[in-house]
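Me: I have a model open and want to go through it with you. Can we start with the charged pairs and move on from there?

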Amino acid sequence: MEGLIQIEEGWIKTVLSDYESFVKTLHDRILQVYEFIGKMDDLKLGLAMGSPKLQDVEGNCRVKTDLSDLMMKQQKVEREYVLDLYTELWRLTEELESAIRIWACYQSLRGKQYEIIKKLYTEDGLWTVVEAEMKLNHRVFVEQRRLAMDTIIELYNSKKSNEEILLYGHQGKLYGKKKTSLECIAKVNPMFKERCVEEREIS
């Protein structure tokens with residue numbers, strides 16, 4: 001899907017290792033940046049209302065020039081700070097969208113591939129332990145893990161929406177009963193799920 005950041009296995013593992021906490025941290029950070037931007041807007045409005053006009057300043061041209069230079073420097077600092085905030089907001093939003101899509105791709109896996117990724121990365125299991133639990137030889141285990149990762153990356157880069165990925169997965173076949181749009185969103189966004197459960201929109 002266009003506009004998403006490029007991903008590798010390391011980023012996938014980071015997202016899956018503690019997904020709900022990871023997404024919540026990004027949500028909170030985005031809200032914090034929005035708050036900072038709002039404060040900057042309020043500050044600029046206050047300065048505009050309280051700043052003396054150059055023509056009202058008593059003294060010679062040197063005083064006016066110094067004041068003008070100071071105001072220009074202040075405006076430059078403010079612009080750079082706001083630009084940094086919007087850059088950070090863009091980065092955080094991209095990471096949040098990427099994390100949600102990765103989780104959707106992971107949730108679409110089935111069978112051994114799903115179990116391997118789940119046990120290794122969401123449950124932080126050891127390779128040898130997971131291999132033994134699943135009663136797979138090492139070669140099969142490694143191959144299934146690789147195929148699962150390849151599937152996640154392929155779906156992530158596809159033109160499918162997150163809802164389509166959750167509904168149809170990699171093979172394009174409907175999995176189980178058809179989910180509502182709310183259920184699909186809640187499956188990948190814990191913040192949304194909490195709100196839906198509270199409002200009794202999903203079970």
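**Salt bridges and packing**

Reply: At 35% relative accessibility, R91 counts as partly exposed. Bear in mind that this is a predicted model.

Me: What does R91 form with E95?

Reply: R91 and E95 form a salt bridge, with the closest N and O atoms 2.7 Å apart. The two residues are four apart in helix α3, so about one helical turn separates them. E95 is buried, at a relative accessible area of 18%.

Me: And which salt bridge involves E88?

Reply: The side chain of E88 meets that of R91, at 2.7 Å from N to O. These two are three residues apart in α3, again about one helical turn. E88 is partly exposed, with a relative accessible area of 21%.

Me: Switching to the core. Which residues touch the most other members?

Reply: In the largest nonpolar core, which has 42 residues, they are I12, L16, Y19, I102, Y106, L109 and I117. Elements giving two or more residues to this core are α1 (9–17), α2 (19–50), α3 (61–107), α4, α5, α6 and α7 (162–168). The largest share, 12 residues, comes from α3.

Me: What is I12 in contact with, leaving aside its neighbours within four places in sequence?

Reply: I7, I102, M149, I152 and I153.

Me: Now α5. Which of its residues are buried?

Reply: In α5 (residues 127–134), V130, E131 and M134 are buried. Seen down the helix axis they fall within an arc of 100°, so they line one face of α5. T128, A132 and E133 are exposed on the other side. The cover over the buried residues includes α4 (111–122) and α6 (138–156).

Me: What comes just after α5?

Reply: K135, which takes a positive phi of about 55°.

Me: Last topic, confidence. Where does pLDDT stay under 50?

Reply: Residues 46–50 are one such stretch, with one contact beyond four places in sequence. Residues 176–182 are another, with 10 such contacts. The chain has a mean pLDDT of 79, and 67% of its residues reach 70 or more.

How values were computed
Residues numbered from 1 in each chain as written. Predicted model: local features only at pLDDT ≥ 70, side-chain atom pairs only at ≥ 80, totals over all residues. Heavy atoms only, no water. Buried < 20%, exposed > 50% of the residue type's maximum accessible area, 1.4 Å probe, protein only. Arc of directions from axis to C-beta. Contact = heavy atoms within 4.5 Å. pLDDT = per-residue confidence, 0-100. Core = buried A, V, L, I, M, F, W, Y, C linked by side-chain atoms within 4.5 Å. Salt bridge = Lys/Arg side-chain N within 4 Å of Asp/Glu carboxyl O.
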